[in-house]
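My entries follow in the order in which I made them.

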Amino acid sequence: MTVNKSSDGDFILVGFSDQPQLEKILFVVVLISYLLTLIGNTAIILASCLDSVLQTPMYYFLTNLSFVDICFSTSIVPQLLWNLHGPAKTITSTGCAIQLYVSLALGSTECVLLAVMAFDRYAAVCRPLHYNTVMHPRLCQSLAGIAWLSGVGNTLIQGTITLRLPRCGNHRIYHFICEVPAMIKLACVNIHANEVQLFMASLVLLLLPLSLILVSYGYIAQVLMRLKSALTWGKALGTCGSHLLVVVLFYGTITAVYIQPNSSYAHSQGKFITLLYTVVIPTLNPLIYTLRNKDVKGALKRLVRKDGAREKILVK
């Protein structure tokens, strides 16, 4: 397929245009995934906000995560669907800048938020008697605020530096989104300093939160090994297993793109890896948390019953 030319200032998102048959399949898969992302994460937000059983720090952070996933997908998927559906592969310079800033902010926020959620699980398992004292509402709000501010700060720095690079008329982005690793390759100057800056930012916002997550679960494992109780192990797996699975999926994909953006693997498989953490994982998150969590499933059932009861009253 021939990718159409861009107007002055517009970018061409090459994406999967060299595989037209794959584009048709991806359109259906991405559309279904996006709808499931909206439905699943909205359901978690409503259940956490409306059900008294879920008025706990764990579900407060889960609500933030679900909101991040909805916004993250929405900043990318509509444009992706538009490009997959028709011959037009262009995005305006303003649209590209907005997508870059918003998606980078939300992705960075999720990195820190997952670390905050690991600390919450550490407090629940290792300090159960003092959990309510440690994870008081003000601290929870502060930790969530730090996650959001980290994301905003990172995108303002990285996004602005990336967009200010001279491109000398280069407008073909060999990706399906405006993302930092793909955008800096358009520069017509030496980008070694930018690659170092991207690597350092990735160390701070990827490896540092990941290290905190591993330390938290290291302490959790020590406590569980001392107790050696099947019941305790079951409860810990119920509260920590879902979070660990999400961490593995998210960090396992995003680090492949951002830690070594110039590696042959990241270059050849980068688009497919990005599809995983921008489209697939936001869809899987609500499924992971609801399928393994009796509290969430119970809250959703109670909400459905309330709605059913209200409809019967209105009919009468």
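**Entry 1: disulfides**

I took a disulfide to be a pair of cysteine sulfur atoms within 2.5 Å. By that test Cys-96 is joined to Cys-178, with an S to S distance of 2.0 Å. I note that the model is predicted: local features need pLDDT of at least 70, side-chain atom pairs count only at pLDDT 80 or more, and totals for chains, interfaces and linings use all residues. Residues are numbered from 1 along each chain as its sequence is written, and side-chain values use heavy atoms, with hydrogens and water left out.

How many disulfides does the structure hold? I found 2. The other one joins Cys-168 to Cys-188, with S to S at 1.8 Å. Counting bonded cysteines along the chain, I get the pattern 1-3, 2-4.

Next I checked where the partners sit. I used DSSP runs for the elements, numbered from the N terminus: helices are H or I with at least four residues, strands are E with at least two. For the pair Cys-96 and Cys-178, the S-S torsion is about -120 degrees, so this disulfide is left-handed. The pair links distant parts of the chain, 82 residues apart: Cys-96 lies in helix α4 (residues 93-126) and Cys-178 in the loop between β3 (172-173) and α7 (180-183).

For Cys-168 and Cys-188 the torsion is about 55 degrees, so I logged a right-handed disulfide. This pair also links distant parts of the chain, 20 residues apart, with Cys-168 in the loop between α6 (137-163) and β3, and Cys-188 in the loop between α7 and α8 (192-227).

**Entry 2: cysteine exposure**

Are these cysteines buried or exposed? My cut-offs were under 20% relative accessible area for buried, over 50% for exposed, and partly exposed in between (1.4 Å probe, protein chains only). Cys-96 is buried at 0% relative accessibility, and Cys-178 is buried at 0%. Cys-168 is exposed at 60%, whereas Cys-188 is partly exposed at 33%. I also looked up Cys-49, which is partly exposed at 48%, and Cys-111, which is buried at 3%.

**Entry 3: the whole chain**

I listed 11 helices and 3 strands. From the N terminus on, the order is β-α-α-α-β-α-α-α-β-α-α-α-α-α. The chain has 316 residues, and buried residues make up 48% of them. I computed accessible area with the Shrake-Rupley method and a 1.4 Å probe, where for residues only the protein chains shown count as cover. The total is about 15900 Å², and 68% of it belongs to carbon and sulfur atoms.

Residues 24 or more positions apart account for 77% of them.

**Entry 4: helices and the UniProt record**

Helix α1 (residues 20-50) has 31 residues and reaches 45 Å from its first C-alpha to its last, close to the 45 Å expected at 1.5 Å a residue. The expected span is 1.5 Å times one less than the number of residues. Its buried residues include Leu-26, Val-30, Ser-33, Tyr-34 and Thr-37. An α-helix has 3.6 residues a turn, so residues three or four places apart point the same way.

An unreviewed UniProt entry lists several spans as "transmembrane region", among them 25-47 and 199-220. UniProt positions are in the numbering used here, feature names are shortened, and annotations may be inferred rather than shown by experiment. I checked these two spans in the model. Residues 25-47 are 100% helix and 0% strand, with end C-alpha atoms 33 Å apart. Residues 199-220 are also 100% helix and 0% strand, with their end C-alpha atoms 30 Å apart.

**Entry 5: sheet**

Two strands pair if DSSP finds at least two bridges between them. The 3 strands form an open sheet in the order β2-β1-β3, with mixed pairing. β2 (90-91) and β3 stand at the edges with a single partner strand each, so one side of each has no neighbour in the sheet. Strand β1 (residues 11-13) runs antiparallel to β2, joined by 2 bridges. I found Ile-12 opposite Thr-90 in β2.

**Entry 6: two single residues**

Asn-285 is in helix α10 (residues 264-291) and is buried at 2%. What does Asn-285 contact, leaving aside its neighbours within four places in sequence? I listed Leu-65, Asp-69, Glu-110 and Val-246.

His-136 lies in the loop between α5 (131-134) and α6 and is partly exposed at 32%. The C-alpha atoms of His-136 and Thr-56 are separated by 9.5 Å, with the two residues 80 apart along the chain.

Terms used: Contact means heavy atoms within 4.5 Å.
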